[in-house]
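Welcome! Let's take a friendly walk through this protein model, one topic at a time. Keep the picture in view as you read.

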Amino acid sequence: MKILVIGSTGTIGAAIYNNLKTDYDYVYGAHRNSKSCPVDITKKESIQALLDKLPQLDIIINTAGIAVWKPFSNLTEEDYLVGIQSKLMGQVNLVHVAQKYVNDNASILLTTGILGEHYEPNTVGSSLINGAIHSFVNSASNELPRGIRLNAVAPGAIAGAFPEDKKFAGYFPVKIEDVVGVYRQILNNSGTGGVYKIY
Ligand SMILES: NC(=O)c1ccc[n+]([C@@H]2O[C@H](COP(=O)([O-])OP(=O)(O)OC[C@H]3O[C@@H](n4cnc5c(N)ncnc54)[C@H](OP(=O)(O)O)[C@@H]3O)[C@@H](O)[C@H]2O)c1
């Protein structure tokens, strides 16, 4: 089993990468500043260059992507475009490119978050992206070839990175081990088109 984790130095990506490394021989970690596997998901050619150099993969997990946080009244069109180019089109382009590279029955996992469904001040730009990806996964999963599966994980705020006794978007933070467990659960089932919420 050959696995790629994009965003492998981040709060969520590093936890997934380190967890999978203990059980699988071929786990590749990629991010913009990586020496061995550099990738910028905002650039289709960069995704393509990474997949050209790796062996054919069975699993791709993406945890990379940003969006601007500001009060709604201050959000500019440029602010929206940051999230659209990074977290939204970065993940959409990843699926477009990856479907041509991965093995039959491979699994592609994207990352969204609680803001796709619940309100928190200053996060309209992020909510927009998460909701769009949920719709994308629901729809695009029907058209992927060769049994390729597409799902998303929507975590709540991660405990540790966020105070454990404070609610975020109406929910207490979630333990990173539990979030990693959800990604792993999806690797081992045959579902596609799902949004796996953990909050
Ligand atoms: N942390 C939370 O509490 C939380 C909760 C719910 C959902 N989420 C979502 O989960 C995702 C990951 O969050 P996180 O907190 O783990 O992020 P993070 O700690 O900021 O880490 C982001 C990772 O992605 C890489 N990266 C950033 N932009 C990239 C790009 N354009 N191309 C390739 N790699 C890129 C970074 O490395 P380089 O800088 O080297 O590229 C880093 O490895 C985000 O979509 C976030 O909205 C986070």
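Strand S5, residues 149-155, is joined to strand S6 by four bridges, and the two run parallel. Within this pair, Pro-155 sits opposite Ile-198 of S6. Keep in mind that the model is a predicted one.

**The sheet**
- S5 and S6 belong to an open sheet of six strands, which pair in parallel and follow the order S2-S1-S3-S4-S5-S6.
- Which strands stand at the edges? They are S2 (26-30) and S6 (195-198); each has a single partner strand, so one side of each has no neighbour in the sheet.
- On average, neighbouring strands here are turned by 15 degrees against each other, ignoring direction.

**A helix across the sheet**

- Look for Gln-91, which is part of helix H3.
- Is Gln-91 buried or exposed? Its relative accessibility is 1%, and because buried means under 20%, Gln-91 counts as buried.
- Leaving out residues up to four places away in sequence, Gln-91 touches Ile-41, Asn-62, Ala-64, Ser-86, Leu-110, Thr-111 and Ile-133.

**Two helices that meet**
- Two packed helices are described by the angle between their axes and by the distance between those axes.
- For helix H1 (residues 11-21) and helix H5 (residues 176-187), the axes come within 10 Å and cross at roughly 60 degrees.
- That angle makes H1 oblique to H5, and the crossing is right-handed.
- On the H1 side, the contact is made by Thr-11, Ile-12, Ala-15, Ile-16, Asn-19 and Leu-20.
- On the H5 side, Ile-176, Val-179, Val-180, Tyr-183, Arg-184 and Leu-187 take part.
- How many residues of this contact are nonpolar, polar or charged? There are nine nonpolar, two polar and one charged.

**A closer look at Ala-15**
- Ala-15 is found in helix H1.
- With a relative accessibility of 22%, Ala-15 counts as partly exposed, because that class lies between the 20% and 50% limits.
- Setting aside neighbours within four places in sequence, Ala-15 is in contact with Gly-10, Ile-176 and Val-180.
- Ala-15 and Ala-159 are 144 residues apart in sequence, while their C-alpha atoms are 13 Å apart in space.

Notes
Residues numbered from 1 in each chain as written. Predicted model: local features only at pLDDT ≥ 70, side-chain atom pairs only at ≥ 80, totals over all residues. Heavy atoms only, no water. Pairing = 2+ DSSP bridges. Axes fitted to C-alpha atoms, helices over the stretch in contact; angles between N-to-C directions. Parallel < 35°, antiparallel > 145°, perpendicular 65-115°, else oblique. Left-handed = near helix turned anticlockwise from the far one by under 90°. Contact = heavy atoms within 4.5 Å. Nonpolar A, V, L, I, M, F, W, Y, C, P; charged D, E, K, R; others polar. Buried < 20%, exposed > 50% of the residue type's maximum accessible area, 1.4 Å probe, protein only.
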